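Student: I'd like to learn how to read a protein model feature by feature. Could you walk me through one?
Tutor: Gladly; let's look at it together.

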Amino acid sequence: MDVSTLLQAQNDKFKSIEVDKELEIDPGLLLVSDLNPIDAEAYEANLEDHLQSTARDGVQALLAALFSLPIHSSPDGPVAKLPAPTYELPRAKPLPKPKPQTKWERFASAKGIQHSVKDKKVWDEEKQDWVNRWGRYGKNKELEDQWLTEVPANADVDFDPAKDAKTKRKEVIAKNTKQRDANLARAQKAADPKESRKKEIESTLQSTRKSTASMGKFDKKLDGEKKIRGIKRKFEPAEVSAANERKSSLAILAGLEGSSAKKARRAEQDGQGASDVVNVRKAVKFASGGKGSHSLARSASTQKGKTSFKKGKR
């Protein structure tokens, strides 16, 4: 029986794996670009068949390019490592900005603290089983559900241990929620360019206000301008204990002694004795007008004689 006719008919059902077109293939992006002109006759005769034939040629060329890449085995089967893309695809939107760090993350990075994720299950010695750390029947509700609780000695008569433990747990939840909302608000402000620009303008405006002689006190205020924050003076209380007053007085005396010692060392470096507080040489030069100590002594004796003569005349 001659089956060549049947085999030929069966083979005619399948198209050849070879593609005669020149296509631009980028395996890194799984991209095939067909830059050939459109066959007008095939396009007008049967649009659907023409589109299917064009798509088939592109997929066949892409598969041939993928099977030509180096392949290695994996648990999921043979895998081909794609090369770096050669065609640069434009983005419709800019790259997403990195998520800003929270206050704790900045502190941890500065101190070198490693982030560790707590397990959702903890071991319960009483039940001898793993229980949830949070949530329903969580370990954090242990004080609320236990049948016996130690009451502090200074507790009120109507003290409820279960209610107190529940209140503390709710306070922790409220604190964490508040911190999370603050982090989200801080991140939103940091991501908003208008907000950052607004802060920059406010900082520049405050610097300009402080550059005047009155520190911006008498300058004209703009609509919606915030009040400039200056250095607040800290006043000591009017009534203090004797120990605190004695401590502050000793601190003042110690500061005065330190300044006197510095002046003595400076005078000694200028050529005077350590016991002198005033530079005598400079004082004589200033009093005599640069003429010296002899001229100052003569003028002093002359002035003294004039005074005695006036007293005798009277």
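Student: In which loop is Leu30 found?
Tutor: Leu30 sits in the loop between strand E1 (24–26) and strand E2 (31–33). Helices (H or I, at least four residues) and strands (E, at least two) are DSSP runs, numbered from the N terminus. This is a predicted model, where local features need pLDDT of at least 70 and side-chain atom pairs count only at pLDDT 80 or more, while totals for chains, interfaces and linings use all residues. Residues are numbered from 1 along each chain as its sequence is written, and side-chain values use heavy atoms, with hydrogens and water left out.

Student: What should I look for in the phi of Leu30?
Tutor: Most residues other than glycine have a negative phi. Leu30 has a positive phi, near 55°, and is not a glycine. Leu30 is also partly exposed, because its relative accessible area is 48%; buried means under 20%, exposed over 50%, and partly exposed in between (1.4 Å probe, protein chains only).

Student: Which hairpin has Gln128 with a positive phi?
Tutor: That is the hairpin of E5 and E6, with four residues between the strands, and the phi of Gln128 is near 55°. Gln128 lies in the loop between strand E5 (121–124) and strand E6 (129–132). Two strands pair if DSSP finds at least two bridges between them. Here E5 and E6 run antiparallel and are joined by four bridges, with Val122 opposite Val131 in E6.

Student: How do I read a helix, and why does the span of H3 agree with its residues?
Tutor: The expected span of a helix is 1.5 Å times one less than its number of residues. H3 has 21 residues and should therefore span 30 Å, which agrees with the 31 Å between its end C-alpha atoms.

Student: Is Asp57 buried or exposed?
Tutor: Asp57 is buried, because its relative accessible area is 12%. Asp57 is in helix H3 (residues 47–67). For contacts, look for heavy atoms within 4.5 Å. Not counting residues up to four places away in sequence, Asp57 touches Val19, Lys21 and Leu23. The buried residues of H3, including His50, Asp57 and Leu62, pack against E1, E2 and helix H2 (40–45).

Student: What lines the largest pocket?
Tutor: First, the method: on a 1 Å grid over the protein atoms alone, a pocket is an open set of points where a 1.4 Å probe fits, with protein on both sides within 12 Å along at least five of seven lines, and lining residues have an atom within 4 Å of a point. The largest pocket has 15 lining residues, and Trp104, Asn176, Gln179, Arg180 and Asn183 lie nearest its centre. Helix H4 (103–111) and helix H6 (161–191) are the elements that give two or more residues to this lining, and H6 gives the largest share, seven residues. The space in the largest pocket is about 570 Å³, a volume filled by probe spheres set on grid points joined across faces, edges and corners.

Student: Where is Gln101 found?
Tutor: Gln101 is in the loop between strand E4 (79–80) and H4. Its C-alpha atom is 8.0 Å from that of Ala187, although Gln101 and Ala187 are 86 residues apart along the chain. Gln101 is partly exposed, because its relative accessible area is 43%.
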